[in-house]
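Here is a short note for a colleague opening this entry. Please keep the structure in view while reading the points.

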Amino acid sequence: MSADHATNPATEAFVAHRNLLFTVAYEMLGSAADAEDVLQETWLRWVNVDLDQVGDQRGYLVRITTRQSLNRLRSLSRRKESYVGSWLPEPLLTAPDVAEDVELAESVSMAMMLVLETLSPTERAVFVLREVFDVGYEEIAAAVDKSPAAVRQIAHRARKHVEARRPREAVSPRETRQALESLRHAFETGDLQGLLDVLAPDVVLVGDGGGVKRAALRPITGAETVARFMVGRAGKLKATVTTVPRLVNGNPALVLYVDGEMDGVLAVRVDDARVTGVYYVRNPEKLTHLASETPLTLR
């Protein structure tokens, strides 16, 4: 978009809703790079629209973004089938206002993004549009090429599916930070009992190295197994490890550096004051947005 077009009505509308469109695409895809590609495709279609025929510009832009996201989601699913090891969403460095919006922060959290992965592409689109952005059934129907009645049924089914898998209750940022601090201290000191004290009995650890960095190829389950894995991992590191607390995906997380180089992002899911999920993203391709040091506003 050149400066010559800065006051173009199409450009103004797109820029005004860009954060919303990015968040819709990201929540559907779990990848910031793919979400950016979707926004580019949305823009190319938007500039050819006769704005005089558009009554609701926001709704029209969301519709284009949803359709492009659905197309990309289907191809992304095929890419994930050949992915080396476990797949985790691309972590995003987010601004404080995201954390203040409890519903938005939960919807982009690592734990919720993994829950959304268990939905079909259409279910995911309907859930995101309806539950996160409160889009009307008729608008959603136009975006996913279904009838409003069908969309209501899909929304009900997706909602039940997500409710059965989402965290039992909203956890405050303070509780998450406390859990992360306990995890960090136990990890750095090799305190096995300290880890066991903060981990839930059924905790699951998921690592994502993408075949580029070393990571557990499959999820590790159970407090003692996870604790021993983490302590063993810390003991093998012959380097200086530092951790920096940041807001990632709207929630407190730790960015880890090994000898000054960014190594990965550690996020957690907390239920009843215990850590039930540990997510460590090491794939360098998924760390570019964090390396930029520019927090994102998602609405």
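Why does Asn249 count as buried?

1. Asn249 has a relative accessibility of 2%. Buried means under 20%, so Asn249 counts as buried. Bear in mind that this is a predicted model.

2. Where is Asn249? The residue sits in the loop between β3 and β4. Its side chain has a polar atom 2.7 Å from the backbone oxygen of Val108.

3. Leaving aside residues up to four places away in sequence, Asn249 touches Tyr26, Glu90, Pro91, Leu92, Thr94, Ala105, Val108, Ser109, Met110 and Met113.

4. Strand β4 covers residues 251–258 and β5 covers residues 261–271. The two run antiparallel, joined by five bridges. Val255 stands opposite Val265 in β5.

5. Next, the whole chain. It has 14 helices and six strands. Its C-alpha trace spans about 65 × 45 × 35 Å along the principal axes. The radius of gyration is 20 Å; a compact globule of 299 residues would have one near 19 Å, so the two agree.

6. Of the 299 residues, 48% count as buried. The accessible surface is about 14300 Å², and carbon and sulfur atoms account for 49% of that. Among contacts between residues at least 6 apart in sequence, 67% join residues at least 24 apart.

Technical notes
Residues are numbered from 1 along each chain as its sequence is written. This is a predicted model: local features need pLDDT of at least 70, side-chain atom pairs count only at pLDDT 80 or more; totals for chains, interfaces and linings use all residues. Side-chain values use heavy atoms; hydrogens and water are left out. Two strands pair if DSSP finds at least two bridges between them. Helices (H or I, at least four residues) and strands (E, at least two) are DSSP runs, numbered from the N terminus. Buried means under 20% relative accessible area, exposed over 50%, partly exposed in between (1.4 Å probe, protein chains only). A polar contact is a pair of N or O atoms within 3.5 Å; within protein, one must be able to donate a hydrogen and the other to accept it, and residues adjacent in sequence count only if both atoms are side-chain atoms. Contact means heavy atoms within 4.5 Å. The radius of gyration is taken over C-alpha atoms; the globule rule is 2.2 Å times the number of residues to the power 0.38. Accessible areas come from the Shrake-Rupley method with a 1.4 Å probe; for residues, only the protein chains shown count as cover.
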